[in-house]
Amino acid sequence: MTKKKDIPIEESILTIDVGTQSVRAVIIDLNGEIQHIVKTPLEPYFSNQPGWAEQEAEYFWKKLCYTTKKLIRSMSISKEAIKGVTITTQRNTVINIDKNGNPIRPAIVWMDDRRAKIEKWPSFFTKSILKIINLQDAIEYTISECESNWIRQNQPDIWSNTYKYLFLSGYLTYKLTGEYVDSTGNIVGYVPFDYKTQEWAKSSDMKWKMFPMDRSILPSLVKPTELLGYISKKVSKETGIPSGLPVIASAADKACEILGSGCLSPETACLSYGTSSIIGTASKKYVEVIPFFPPYPSAVPDEYHTEIIIRRGFWMVSWFKREFGHKEEMIARRRGVQPEELFDELVSEIDPGSIGLILQPYWSPGVKIPGQEAKGAIIGFGEIHTRAHLYRAILEGLVYALKDGAIRTEKKNKVKIEKLRVAGGGSQSDIVMQLTSDIFDLPAERPHTFETSALGSAIDAAVGLKYYPDFESAVKGMVRINDVFEPIPVNRDIYKELFEQVYLKMYGKLKSLYIKIGKITEYPAFWQEKRSRK
């Protein structure tokens with residue numbers, strides 16, 4: 001087995017991480033240390049219709065080129081030290097390409113809320129069967145969520161002229177290599193993909209009826225660690241990346257976060273505190289935490305990761321800052337510090353449990369858990385509560401929801417979660433880390449770098465380029481833990497009672513009211529269906 005001391009530290013990987021909020025170009029050495037990073041903010045989307053979220057595909061490419069050029073110009077190491085390139089991106093952002101390789105409509109970003117119509121399939125007979133096994137709503141929801149169904153129904157000329165239908169990862173791989181190829185680790189979305197075999201579905205699979213399309217418009221697939229192509233001289237001029245470098249397949253950002261946090265088995269769960277908040281576990285087995293909803297491909301070839309997602313996770317923190325945090329924003333500018341420091345000070349003054357203020361973070365519900373009718377809720381208000389209590393209640397509510405997801409995950413994996421690795425923007429806060437440990441009653445570990453998505457992608461490249469013989473040695477050599485937060489007993493006890501006696505009962509008690517709100521106001525499901533018919 002290769003030892004860490006045998007790895008030449010001057011040899012490095014260039015990882016490109018195209019997220020929702022920014023593009024990052026990162027030089028990571030073979031000891032997992034970030035040698036240089038350049039971050040360029042992104043405008044996540046524009047909206048020409050209520051609920052739409054789109055962005056020009058070329059915008060992503062131009063921002064990538066700008067970022068990598070800036071990195072190459074400013075980095076302190078020699079370009080010859082870069083031995084490979086890898087890319088990880090946001091998931092389920094889709095792009096239609098013509099025969100010349102040009103986008104023919106804006107990319108539909110993963111936050112888009114438009115809905116397709118339910119057409120001739122499922123038939124009446126199929127619907128009857130699906131209803132019996134409690135799958136009709138989930139199948140019809142999935143069909144209506146599918147971006148290609150909406151394009152085919154509403155923009156038939158665009159669909160008929162689509163030569164390739166790609167995720168953002170596949171589009172940027174094409175721009176980098178000239179090849180229509182993608183990693184199995186990036187296939188997360190509404191396409192005819194068999195998540196168990198991690199291949200395009202067989203022709204008999206009902207997904208081809210759910211998402212009608214010709215097999216030829218989909219890219220070829222390789223596994224993480226395998227070769228996607230090479231950087232050409234033309235691309236080198238556009239990006240600044242040395243020509244001839246191999247581009248190695250990795251996986252989507254959340255899968256890479258799990259790997260970059262050092263999670264290789266379900267005993268260690270990864271919490272991702274990003275725009276969406278997620279609890280995920282690595283698994284060698286195919287396990288459906290929510291029945292009939294598949295685990296996603298891992299950044300480790302032929303493996304999986306389970307996932308329960310709170311779609312508007314740490315977006316809610318941004319919402320709070322925008323709506324209630326003007327004072328801290330102004331003070332932060334005067335002091336020359338980040339606003340997050342002041343928000344941590346704000347919430348540190350509030351006792352655990354927020355004096356009974358409990359938040360249920362279903363600002364953007366799912367289809368099964370919770371159901372489509374779910375909405376956000378905050379209960380327990382009294383005259384004593386301030387905006388600081390609300391801020392802490394947001395954080396606590398997110399962690400309650402993720403703990404609920406952890407319990408479901410443990411039951412399905414049949415493996416007890418023993419510790420947590422915490423990634424994403426929220427992991428930078430000591431308050432959030434301690435609160436997480438207290439609510440879960442588990443050690444919460446913070447990896448040595450905040451850039452766990454980029455690190456996971458670099459680990460794929462390091463294994464693919466044979467610098468490490470396997471993922472166990474690569475994780476041992478490239479991932480370290482900086483901080484460990486242990487549960488504080490008095491806090492843990494308060495949270496245990498609030499979680500079990502209040503939080504877990506909220507959804508069941510409020511569900512009927514959510515349904516009535518939906519019927520009266522047409523929000524959200526009724527409103528979305530009405531909008532899709534316009």
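Before reading any crossing angle, I noted that an axis is a line fitted to C-alpha atoms, for helices over the stretch in contact, and that angles run from 0 to 180 degrees between N-to-C directions. I also noted that this is a predicted model.

I looked up helix α10 (residues 315-324) and helix α11 (residues 326-335) and found that their axes come within 6 Å and cross at roughly 85°. Angles of 65 to 115 degrees count as roughly perpendicular, which makes α10 roughly perpendicular to α11. On the α10 side I listed Lys321, Arg322, Glu323 and Phe324, which meet His326, Glu328 and Glu329 in α11. Sorted by class, this contact has five charged residues, one polar and one nonpolar.

Next I turned to helix α15 (residues 452-464) and helix α16 (residues 471-478), whose axes come within 10 Å and cross at roughly 130°; the two are therefore oblique to each other. I recorded the contact residues, among them Leu455, Ile459 and Val463 of α15 and Phe471 and Met478 of α16. Here the classes come to nine nonpolar, no polar and one charged.

Last, I followed an open sheet of seven strands with mixed pairing, in the order β17-β18-β16-β15-β21-β22-β23. β17 (296-297) and β23 (481-485) stand at the edges with a single partner strand each, so one side of each has no neighbour in the sheet. β17 runs antiparallel to β18 (residues 304-310), joined by two bridges, and proline 297 has tyrosine 304 as its bridge partner in β18. Helix α14 (residues 430-440) lies across several strands, including β15 and β22, and runs at about 145° to β22.

Note on methods:
Residues numbered from 1 in each chain as written. Predicted model: local features only at pLDDT ≥ 70, side-chain atom pairs only at ≥ 80, totals over all residues. Heavy atoms only, no water. Helix = DSSP H or I, 4+ residues; strand = E, 2+ residues; numbered from the N terminus. Parallel < 35°, antiparallel > 145°, perpendicular 65-115°, else oblique. Contact = heavy atoms within 4.5 Å. Nonpolar A, V, L, I, M, F, W, Y, C, P; charged D, E, K, R; others polar. Pairing = 2+ DSSP bridges.
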